[in-house]
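Subject: Structure handover

Hello,

Here is the structure I promised to pass on. My notes on it follow below.

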Amino acid sequence: MRTKGQRGVVGAGSAAVGLSVVEKVYALVKWYVPVLNRLPRDHKYGLGERLINELYGMLEDLVRAQYRRSKAEVLEQVNARLQVARYQTRLLLEFELIDLRRYAYVARLMDEIGAEVGGWRKQQAARAAAEATATEGGGEGDETAGRTV
C-alpha cells in the first residue's frame with residue numbers, strides 16, 4: 001500500500017525513507033545540472049563541474065546505501081557531500097552567478113535532503129544499537145546464571 005509522500009513506494013520502513021531522499025536528490029540533480037551548465041566558462045569548468053560531481057556522487061551513494069546492510073558509512077559520505085555542495089552553492093551566490101530566488105530554492109531542497117539523510121542515519125544507528133544489544137545478552141536469565149547468591 002502506498003502512503004502519502006512516498007511516490008512509487010510500496011510498504012514502509014527504511015527502504016521508504018531511502019527512496020524518498022533518493023527522489024529528492026534526483027530532482028535536485030535534474031534541476032541543478034542545467035543551471036550549472038549555463039555558468040560562464042571560467043566557473044563552469046571549475047566550481048560548476050565540482051558541484052555537479054558532488055551531486056552525482058550523492059545520488060550514487062544513496063542508491064548504493066539502499067542495497068547495503070550497513071549504511072552508516074555511506075550515509076556519512078552523503079552528508080559530507082551535501083555539506084560541500086552547500087558551500088559551493090553559497091559561493092555561486094556570493095560570486096553573483098545565481099540569483100537569490102534560485103539559491104533559496106536549492107538551499108531549501110538541500111535542507112530537506114539533509115533532514116532525511118540525518119533521519120536515516122539516526123534510524124540506522126538505533127537499528128545497530130538494537131542488534132548489538134540482542135546479540136550481546138541473549139536474554140535476562142543469562143545475566144544472572146553465573147552469579148552466586
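The protein chain has five helices and zero strands. Along the sequence, the pattern reads α-α-α-α-α. Please keep in mind that this is a predicted model. The chain has 149 residues, and 33% of them count as buried.

**Helices α2 and α3**

Start with this pair. Two packed helices are described by the angle between their axes and the distance between the axes. Here, the axes of α2 and α3 come within 9 Å. They cross at roughly 155 degrees. The cut-off for roughly antiparallel is over 145 degrees, so α2 is roughly antiparallel to α3. The crossing of α2 past α3 is left-handed.

α2 covers residues 41-66. Glu-49 lies in this helix. With a relative accessible area of 40%, Glu-49 is partly exposed. Its C-alpha is 8.4 Å from that of Asn-37. In sequence, Glu-49 and Asn-37 are twelve residues apart.

Glu-60 is another residue to look up in α2. Glu-60 forms a salt bridge with Arg-64. The closest N and O atoms of that pair are 4.0 Å apart. Glu-60 and Arg-64 are separated by about one helical turn, because they are four residues apart in helix α2. Glu-60 counts as partly exposed, at 42% relative accessibility.

α3 has 23 residues. From its first C-alpha to its last, α3 reaches 33 Å. That is close to the 33 Å expected at 1.5 Å a residue. The buried residues in α3 include Val-74, Leu-75, Val-78, Leu-82, Ala-85 and Leu-92. Arg-81, Gln-88 and Thr-89 are buried in α3 too.

Which residue does Arg-90 meet in a salt bridge? The partner is Glu-94, at 3.4 Å from N to O. Both residues sit in helix α3, four residues apart, so about one helical turn separates them. Arg-90 is partly exposed, with a relative accessible area of 39%. Glu-94 counts as exposed, at 53%.

Most residues other than glycine have a negative phi. Now look at Glu-96, which follows α3. Glu-96 is not a glycine, yet its phi is positive, at about 60 degrees. Where is this residue found? Glu-96 is in the loop between α3 (72-94) and α4 (100-136). Is Glu-96 buried or exposed? Its relative accessible area is 70%, and the cut-off for exposed is over 50%, so Glu-96 is exposed.

**Helix α4**

α4 has 37 residues. Its first and last C-alpha atoms are 53 Å apart, close to the 54 Å expected at 1.5 Å a residue. Among the buried residues of α4 are Tyr-103, Val-106, Leu-109, Met-110, Ile-113 and Gly-114. Val-117 and Trp-120 are also buried there, as are Glu-116 and Gln-124.

Glu-112 and Arg-108 meet through their side chains in a salt bridge of 3.2 Å, N to O. They are four residues apart in helix α4, so about one helical turn lies between them. At 27% relative accessibility, Glu-112 counts as partly exposed. Arg-108 is partly exposed as well, with a relative accessible area of 44%.

This pair belongs to a network of salt bridges. The network links Lys-24, Arg-108, Glu-112 and Glu-116. How many salt bridges does a search of the whole structure find? The search finds ten.

Ser-20 is found in helix α1, which covers residues 14-37. Why does Ser-20 count as buried? Its relative accessibility is 14%, and buried means under 20%, so Ser-20 falls in the buried class.

**Where to look**

To find your way around, begin with the left-handed crossing of α2 and α3. Next, go to Glu-96 and its positive phi. Then turn to the network of Lys-24, Arg-108, Glu-112 and Glu-116.

Best wishes

How values were computed: Residues are numbered from 1 along each chain as its sequence is written. This is a predicted model: local features need pLDDT of at least 70, side-chain atom pairs count only at pLDDT 80 or more; totals for chains, interfaces and linings use all residues. Side-chain values use heavy atoms; hydrogens and water are left out. Helices (H or I, at least four residues) and strands (E, at least two) are DSSP runs, numbered from the N terminus. Buried means under 20% relative accessible area, exposed over 50%, partly exposed in between (1.4 Å probe, protein chains only). The expected span of a helix is 1.5 Å times one less than its number of residues. Axes are lines fitted to C-alpha atoms, for helices over the stretch in contact, and angles run from 0 to 180 degrees between N-to-C directions. Angles under 35 degrees count as roughly parallel, over 145 as roughly antiparallel, 65 to 115 as roughly perpendicular and the rest as oblique. A crossing is left-handed if the near helix is turned anticlockwise from the far one by less than a right angle, and right-handed if clockwise.
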